[in-house]
Every structure is written in structure tokens, then in C-alpha cells.
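Visitor: I am new to this structure and would like a close look at a single part. Please take me through it step by step.

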Amino acid sequence: MSQQWVPIDQLSFREIPTIKEFIELNLGLGGDLYIFRTPSDLKKYGDHYGRIKFSDELSKKSFSKLRKKKYDLVFLYVRDNPLMYDIIKLEQKKDESIICQITGNKGLGPVFKDSLQSPFNHNTKYIVEEFLAQADGWNPIYLLQKTIKRHYNKFLGSFGELMSDIHNNGIVYNDTFWKHIFYNPLNNKCQLVDFGNSFESSNPTDIYDEVLRINNFLYTFFPEKKKEVKSIFDKNYNVD
């Protein structure tokens with residue numbers, strides 16, 4: 001299992017069994033439950049990986065502190081026969097699940113499976129979606145920098161088509177691309193994860209502002225090929 005995940009049974013906290021029971025009740029028995037952690041070697045990539053910080057034992061005090069600060073809780077549920085990976089996370093804002101359904105159905109983000117009422121707070125929901133597993137070829141782009149820079153035409157073509165489809169479906173992603181783009185070299189596909197800051201909009205200004213953010217991201221990722229990478233992205237980015 002990736003070092004991003006810690007087996008839930010290694011954690012010591014009295015609410016963990018309640019969370020596990022809740023997930024098994026809604027997703028089925030027989031799975032192994034893991035909780036998101038912050039590997040030290042990933043901290044440099046930003047606060048996205050600092051949402052839950054803990055050692056192998058999570059104290060009630062630290063857990064309560066994270067919940068008080070409204071940190072996200074992200075769980076991975078792995079089941080056999082057939083092998084399935086599910087992500088379970090709290091909805092960051094109202095109607096986030098609607099955007100996740102749209103993007104999941106269109107293949108622009110992880111497959112959306114369900115939304116469940118939180119066992120602790122009836123005003124919040126958990127979103128259940130398919131995990132983009134490394135075993136299936138998916139990795140965040142910061143782990144594939146060498147591969148992407150060697151084959152940047154393929155990546156940029158896929159990313160351009162992805163953002164074109166996102167915008168043509170009336171969605172503005174509205175988050176940091178560096179931390180949220182997953183790429184699969186096996187099928188040359190890009191997907192975005194975590195639509196907690198996204199919103200629906202047909203306003204051309206919102207789309208234009210996002211394209212400027214995309215350009216800045218590309219310039220940072222490919223500092224030696226600024227004009228070239230923008231040209232390749234633009235060629236594959238078509239908004240109605």
C-alpha cells in the first residue's frame with residue numbers, strides 16, 4: 001500500500017470503529033480501511049497534503065483539533081472479489097457531490113459512487129468515489145515529472161482536452177492544478193481530483209480567468225518551453 005495511507009487498525013482512537021462500521025454498512029463488508037496521512041516527502045508540495053497530520057497513532061485531542069478546524073477526513077476502502085478502491089471524504093461545500101457526479105460520469109474525474117450522511121454531523125455528507133489507483137496506471141503529476149517532460153506532447157494534448165470538456169460542461173475547477181492533476185501514461189488520460197472548490201458557471205470571464213491560471217501552471221511546469229507548451233495546449237483546448 002502506498003505510503004500515503006496507513007491501515008486504520010494501526011490507529012488508536014475510539015471513533016475509528018464507528019467510522020469503519022459506518023463505511024462497511026454503506027459500502028459492504030470485507031474491506032480494509034485506510035486513512036489519509038501526510039508523508040514527509042510530500043509536504044513540500046503544499047497544504048493539500050497537510051489536511052490530516054498524524055503519526056501511526058491518532059490521539060483524540062489531535063483528531064478533535066483537526067475536526068474543529070474543519071480539516072477534511074479522507075478514507076480509502078479496499079475490497080477484494082472484485083478488487084475495488086473507494087475514496088470516502090467529507091463534502092467540502094454544499095452541492096459538491098453534484099459536480100462530482102457530472103465529472104465522474106463524463107470521465108473527467110474519479111467515478112462518483114454515492115453520497116452518504118455523516119455519522120457525526122447530520123449537516124454534512126461523505127462523498128464516495130473511485131480511487132485512481134497506482135496499480136491501474138494513475139499517478140499525480142508531481143510523481144511523473146520525468147515521464148511527462150519526455151512525452152509532453154501527449155500530456156498537454158490530454159490535459160487540453162480535459163479542461164476543454166470541464167469548461168464545456170459549465171464547470172470552473174477553481175483550484176491548484178499542480179496538486180490535483182492525475183495522469184495515466186498507459187492510456188494517455190488526465191483527470192482532476194477534488195472538486196471541493198469548483199463551481200458551475202457559464203460566465204466567459206470565469207473561464208478566461210481559469211485559462212490564465214492554466215497558463216501560469218504550464219509555465220511553471222515547463223519553464224524552458226513556455227510558448228511551445230501553450231501552443232500545444234491551445235490546439236487541444238476547444239470551448240464551444
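Visitor: At what angle do helix α5 (residues 152-168) and helix α6 (residues 204-221) pack, and how far apart are their axes?

Guide: The model is a predicted one. In this model, helix α5 and helix α6 pack at an angle of about 165°, and their axes lie 12 Å apart. Because angles over 145 degrees count as roughly antiparallel, α5 is roughly antiparallel to α6. The crossing of the two helices is right-handed. On the α5 side, the contact is made by Phe155, Leu156, Phe159, Met163 and His167. On the α6 side, Ile207, Glu210, Val211, Ile214, Phe217, Leu218 and Phe221 take part. Sorted by class, this contact has 10 nonpolar residues, 1 polar residue and 1 charged residue.

Helix α3 (residues 96-105) holds Thr103. Thr103 has 1% relative accessibility, so it counts as buried, the cut-off being under 20%. Apart from neighbours within four places in sequence, the contacts of Thr103 are Leu108, Gly109, Ile166, Ile171 and Phe195.

Within α1, the buried residues are Ile16, Ile19, Phe22, Ile23, Glu24 and Leu27. After α1 comes Gly28, with a positive phi near 110°.

How values were computed: Residues are numbered from 1 along each chain as its sequence is written. This is a predicted model: local features need pLDDT of at least 70, side-chain atom pairs count only at pLDDT 80 or more; totals for chains, interfaces and linings use all residues. Side-chain values use heavy atoms; hydrogens and water are left out. Axes are lines fitted to C-alpha atoms, for helices over the stretch in contact, and angles run from 0 to 180 degrees between N-to-C directions. Helices (H or I, at least four residues) and strands (E, at least two) are DSSP runs, numbered from the N terminus. Angles under 35 degrees count as roughly parallel, over 145 as roughly antiparallel, 65 to 115 as roughly perpendicular and the rest as oblique. A crossing is left-handed if the near helix is turned anticlockwise from the far one by less than a right angle, and right-handed if clockwise. Contact means heavy atoms within 4.5 Å. Ala, Val, Leu, Ile, Met, Phe, Trp, Tyr, Cys and Pro count as nonpolar, Asp, Glu, Lys and Arg as charged, and the others, Gly among them, as polar. Buried means under 20% relative accessible area, exposed over 50%, partly exposed in between (1.4 Å probe, protein chains only).
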